[in-house]
Amino acid sequence: DATDFHLLYSAIIDDVQSPLNRAQIAERITQFHVYCVREFGLPALLEPLSGGGGQQLVRARYMPAKAVHTLMRHLAASVEDARTPHMLEMVVLLALRGGLRIGEIVKLRLRDIEASDDLWLFIVPNRYGPNKSHAARRQIPFGHLLKESARIRFLNYVKREKEIRPA
């Protein structure tokens, strides 16, 4: 049941030395568990996992959600047409949540995105350019890296674009 999962996860987190790492592990485990609840019917956790004390540090490359929302608001206000803000939001999500390089984003084609709940991204060389390295060729379950609201927006965007510009 949910209590067993909570005890297991807490034991894993307690084995981590650094408070920052504990907080990050707690967040990743929580995201993993939410996915398992959604996909496999596991019981939801009754209380949030605690990453342990200490001040949470922010990595230099991390962009807080509030900053992302501010960025999106400013981007939307800076363009005239209705489709561009949505496209820019998707670019931001691909970079910040999916970890894609800008070169991977600009060569990503609609056919490289599986319009399913998992939103698989296929990062492959194509006529728009090669991958950075052989190891850069990969498949990413992008839908699992997004919050539910962002996943739905991204999926709807992809479906709309595929209707407008069929392959």
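Reader: What share of the contacts in the chain with a separation of 6 or more comes from residues 24 or more positions apart?

Author: Contact means that heavy atoms lie within 4.5 Å. Residues 24 or more positions apart supply 53% of the contacts with a separation of 6 or more in this chain. The model is a predicted one, in which local features need pLDDT of at least 70, side-chain atom pairs count only at pLDDT 80 or more, and totals for chains, interfaces and linings use all residues.

Reader: What part of the chain counts as buried, and how is its exposed area made up?

Author: A residue is buried under 20% relative accessible area, exposed over 50%, and partly exposed in between (1.4 Å probe, protein chains only). Of the 167 residues of the chain, 31% count as buried. Accessible areas come from the Shrake-Rupley method with a 1.4 Å probe, and for residues only the protein chains shown count as cover. The chain exposes about 11,100 Å², of which carbon and sulfur atoms supply 58%.

Reader: Which residues of the largest nonpolar core touch the most other members?

Author: A nonpolar core is a set of buried Ala, Val, Leu, Ile, Met, Phe, Trp, Tyr and Cys residues joined through side-chain atoms within 4.5 Å. The largest one here has 18 residues, and L94, L100, L121, F142 and F154 touch the most other members. At least two residues of this core come from each of helix 4 (83-96), strand 1 (120-123) and helix 6. The greatest contribution is that of helix 6, with five residues. Another core, of five residues, lies apart from this one and includes Y9, A26, I29 and L49.

Reader: How many aromatic pairs does the structure hold?

Author: A pair of aromatic rings is described by the distance of the centres and the angle of the planes. Rings of Phe, Tyr and Trp (its six-membered ring) pair if their centres lie within 6.5 Å; planes under 30 degrees apart count as stacked, over 60 as edge-to-face and the rest as tilted. The structure holds one such pair. F142 belongs to the loop between strand 2 (138-141) and helix 6 (148-164), and F154 to helix 6, so the pair ties together parts that are 12 residues apart in sequence.

Reader: Where do the buried residues of helix 6 fall when seen down its axis?

Author: The expected span of a helix is 1.5 Å times one less than its number of residues. Helix 6 has 17 residues and reaches 24 Å from its first C-alpha to its last, close to the 24 Å expected. Its buried residues are A150, R151, F154, L155, Y157, V158 and E161. Seen down the axis, they fall within an arc of 160 degrees, so they line one face of helix 6; the arc is that of the directions from the helix axis to the C-beta atoms. Their cover includes helix 2 and helix 4.

Reader: Against what do the buried residues of helix 2 pack?

Author: They pack against helix 1 (2-14). Helix 2 (residues 19-40) has 22 residues and reaches 30 Å from its first C-alpha to its last, close to the 32 Å expected. Its buried residues are L20, R22, A23, Q24, A26, I29, H33 and C36. Just after helix 2, G41 takes a positive phi of about 75 degrees.

Reader: Which residue has a positive phi although it is not a glycine?

Author: That residue is L119, with a phi of about 50 degrees. L119 lies in the loop between helix 5 and strand 1 and is buried at 0% relative accessibility. D112 has its place in the loop between helix 5 (102-106) and strand 1, and is buried with a relative accessible area of 5%. Leaving aside neighbours within four places in sequence, D112 is in contact with K107, W120, L121, F122, V124 and N126.

Key: Residues are numbered from 1 along each chain as its sequence is written. Side-chain values use heavy atoms; hydrogens and water are left out. Helices (H or I, at least four residues) and strands (E, at least two) are DSSP runs, numbered from the N terminus.
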